[in-house]
Amino acid sequence: PEVKAPSGSGGLRVYRRMLARSRLLNLLPQLCALRPSLAMSSVTGTVTIHQPLNYRAGARVQPADGGQAEDVYEPATGRVITKLVSSGEKEVDLAVQSAKAAFKIWSQMSGMERSRVLLEAARIIREQREEIATLETINNGKSIFEARVDIDISWQCLEYYAGLAGSLAGEHIQLPGGSFGYTRREPLGVCAGIGAWNYPFQVACWKAAPALACGNAMVFKPSPFTPLTVVRLAEIFTEAGVPKGLFNVVQGGAATGQFLCHHPDVAKISFTGSVPTGIKIMGMAAKGIKPVTLELGGKSPLIIFSDCALENAVNGALMANFLTQGEVCCNGTRVFVERKILDVFTKEVVKRTQKIKIGDPLLEDTRMGALINRPHLDRVQGFIKQAKEQGAEVLCGGDLYVPDDPKLKNGYYMQPCVLGNCTDDMTCVKEEIFGPVMSILPFDTEEEVVERANNTKFGLAGGVFTRDIQKAHRVVAALKAGMCFINNYNISPVELPFGGYKASGFGRENGRAAMEYYSQLKTVCVEMGDVESVF
């Protein structure tokens with residue numbers, strides 16, 4: 001039914017809630033009767049999406065051109081929940097041109113004006129937290145418990161950059177004879193964001209918030225595995241007051257990404273994903289001399305010293321390996337344990353791992369949901385099989401898991417796995433598995449473990465657990481990684497920059513540092529006297 005807007009600011013807020021409810025009635029009919037305090041198993045396996053998944057010029061649209069429709073799955077059940085039509089070259093161009101037109105308006109607004117819009121978008125996300133988190137869980141497979149945290153981090157990111165939008169400034173430099181120079185921070189133009197399937201909504205906010213705060217427009221391409229919630233973000237930006245077209249969504253896989261990266265009106269590319277794809281994107285960007293931010297994979301070390309607080313270290317190891325079914329780029333999957341406590345640490349980790357509740361991700365007590373799809377589940381299983389062949393011992397888990405609920409029998413579940421008897425040359429220790437698989441390795445000295453920890457092509461993250469604060473700072477200073485943790489792991493406040501060294505990429509998400517990657521510096525030199533010619 002048509003929803004008409006009442007007058008007054010209070011009425012406007014009610015109107016927005018009514019709009020959100022109306023949208024959800026179309027999108028997720030089962031959600032409207034639910035409350036956060038209730039178990040949500042009734043929704044799992046029931047949702048089908050029929051709305052267009054592209055977003056251009058302020059509205060959902062079918063792509064102007066594209067390939068054959070492909071299935072999008074619900075990981076918890078293996079059901080097809082929607083069809084995805086990849087955007088072709090024409091649709092990508094229309095999205096970029098729409099963003100280019102909106103950029104002319106947005107870039108001329110003051111930082112404070114942009115700030116107010118971003119704050120409004122954050123408010124809408126907070127208000128619709130439960131619905132967005134539920135849709136994220138349905139499309140991604142992670143537990144609703146984690147999805148809510150992701151959505152909270154998303155609105156916090158928008159609030160943070162709203163606070164910085166009004167602070168963009170250059171500097172004034174006094175020159176001889178009364179002359180002077182100054183610098184200007186200016187937006188780049190239309191930025192391309194290419195997201196990952198493990199944190200669809202959050203990654204989109206991590207890219208969009210600093211880009212928009214700096215005055216840019218963005219065309220975003222989510223993973224074809226998780227196309228749903230980014231479109232909702234685009235709608236929220238429009239509701240919040242951005243010019244129509246400022247944040248557009250195109251859908252598809254590698255071909256769509258290529259059209260976006262090669263487009264002459266795209267000024268910058270920000271990509272989160274695998275190293276092989278990052279290499280290809282860097283090559284495409286080089287042809288247009290476009291700046292790139294790459295947030296790629298990792299095989300990060302977690303170092304547990306014998307003087308640690310054992311329970312805290314065990315908690316850290318679980319957080320470093322099993323969030324989002326282990327599908328996290330900065331996970332500390334190489335767990336180096338000082339030999340003095342190897343047995344007691346391993347025993348406690350195994351005991352805790354075996355207690356992780358697996359199953360319906362929309363149930364409140366579930367802590368591990370389903371992996372993203374069947375091919376990825378098979379890939380993770382292949383790593384475990386190879387690890388056993390190379391001499392590793394499966395201390396727990398590693399098998400496929402079939403929940404008791406019959407509607408979940410075709411979901412992509414596995415038991416979280418702990419591998420012992422690991423050595424540095426094993427494939428499971430060297431390669432990114434991107435699943436719930438922890439490898440435990442003993443060490444004897446600080447010097448030894450630092451050398452082994454750095455012996456990898458990756459450099460995304462690293463962690464240290466010890467009561468000796470001097471040792472902690474000494475070790476993280478020696479680690480060749482962009483994100484380090486002391487006595488915690490996988491804590492990523494939006495105020496702190498996030499990014500890696502070596503093959504894990506370059507550039508930074510979050511923090512003030514991200515503003516550097518979404519703006520460019522112009523220098524202006526002003527002569528107050530006559531020009532003295534040397535000719």
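The stops below visit a sheet and then a pair of helices.

This is a predicted model, in which local features need pLDDT of at least 70 and side-chain atom pairs count only at pLDDT 80 or more, while totals for chains, interfaces and linings use all residues. Residues are numbered from 1 along each chain as its sequence is written, and side-chain values use heavy atoms, with hydrogens and water left out.

Begin with the open sheet of 7 strands, whose order is 14-15-16-13-12-17-18 with mixed pairing; strands (E, at least two residues) are DSSP runs numbered from the N terminus, and two of them pair if DSSP finds at least two bridges between them.

Next, select residues 334–338 and 437–443, which are strand 13 and strand 16, paired in the parallel sense over 5 bridges. Within this pair, Val337 has Pro442 of strand 16 as its bridge partner.

Now move to helix 3 (residues 111–127) and helix 7 (residues 228–240), whose axes come within 8 Å and cross at roughly 125 degrees; helices (H or I, at least four residues) are likewise DSSP runs, and axes are lines fitted to C-alpha atoms over the stretch in contact, with angles from 0 to 180 degrees between N-to-C directions.

To view where they touch (contact means heavy atoms within 4.5 Å), select Val117, Leu118, Glu120, Ala121, Ile124 and Ile125 of helix 3, together with Leu233, Ile236, Phe237, Glu239 and Ala240 of helix 7.
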